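Student: Can we go through this model together? I'd like to start with the sheet and then look at the core.
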Amino acid sequence: MSLKELKAQYRSERLAARDAIPAEDRIEKALAMATHGGQAIDVEPGEIISGFLPIRSEVDIRPLMARLRERGARLCVPVILDRNTIVFRELVAGATLVPVGFGTFGPGPEAAELDPDVMLVPLSAFDRSGHRIGYGAGHYDRAIERLHQKGLNPRLIGIAFDCQEVPSVPAEPHDVRLDAILTESGLNFVSEVIG
């Protein structure tokens with residue numbers, strides 16, 4: 001089986017496991033993540049954190065984002081401009097949300113575009129060494145690469161349920177490792193897990 005086929009298999013299996021979590025359990029797990037990550041994620045006042053608004057059976061991290069905002073973070077969410085490009089628009093309280101691609105919503109073009117210091121990254125599957133499998137479109141990979149080209153190195157925190165863990169994600173040269181992974185069990189820093 002090729003790396004691409006194995007990634008596709010993991011993606012399919014782990015998303016099916018995520019889909020199988022009853023909605024009320026997903027809410028409880030999301031609140032547990034807000035409790036764990038709300039204090040454990042290192043954030044300075046004014047630091048920019050990209051989150052996301054949930055689609056399908058993704059973790060609803062809005063409670064976590066609210067806690068980080070209370071601690072002084074500026075929030076932004078991804079907006080898909082075209083097939084190859086996402087930007088991060090500032091999410092302020094009371095902002096009108098519009099469809100922004102991939103089945104999600106976000107601030108309109110009047111919102112400020114920000115470069116995140118910390119990225120809360122949705123994913124399909126992950127392993128303990130910090131490798132992730134996204135949804136297959138490569139949007140986050142390209143966004144991270146664009147930030148690196150600007151000389152920025154955002155901290156990457158994968159967001160997933162425990163059931164999305166796999167033994168080992170087949171890593172490719174272009175893959176960027178996560179710095180930490182937040183699940184309902186807690187925030188695990190990759191250096192602690194593998195080091």
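Predicted model: local features only at pLDDT ≥ 70, side-chain atom pairs only at ≥ 80, totals over all residues.

Student: What is the strand order in the open sheet of seven strands?
Tutor: The order is β3-β2-β1-β6-β9-β10-β11, and the pairing is mixed.

Student: Which strands stand at the edges?
Tutor: β3 (85-90) and β11 (186-189) do; each has a single partner strand, so one side of each is left without a neighbour in the sheet. On average, neighbouring strands here are turned by 25 degrees against each other, direction ignored.

Student: How do β9 and β10 run, parallel or antiparallel?
Tutor: Parallel, with three bridges joining β9 (residues 155-159) to β10 (residues 180-183). I159 has L182 in β10 as its bridge partner.

Student: What does α4 touch on the sheet?
Tutor: Helix α4 packs against β2, β3, β6 and β9, and its direction makes about 75 degrees with that of β3.

Student: Back to I159. What is it in contact with, leaving aside neighbours within four places in sequence?
Tutor: Its contacts include M33, F52, L120 and, again, L182. I159 is also one of the residues with the most contacts inside the largest nonpolar core, which has 43 residues; L120 and I157 are the others named. A second, separate core has five residues, among them Y10 and V166.

Student: New topic: A143. Where is it found?
Tutor: In helix α4, which spans residues 139-149.

Student: Buried or exposed?
Tutor: A143 is buried because its relative accessible area is 2%, and the cut-off for buried is under 20%. Beyond its neighbours within four places in sequence, A143 is in contact with I86 and F88.

How values were computed
Residues numbered from 1 in each chain as written. Heavy atoms only, no water. Core = buried A, V, L, I, M, F, W, Y, C linked by side-chain atoms within 4.5 Å. Buried < 20%, exposed > 50% of the residue type's maximum accessible area, 1.4 Å probe, protein only. Contact = heavy atoms within 4.5 Å. Helix = DSSP H or I, 4+ residues; strand = E, 2+ residues; numbered from the N terminus. Pairing = 2+ DSSP bridges. Axes fitted to C-alpha atoms, helices over the stretch in contact; angles between N-to-C directions.
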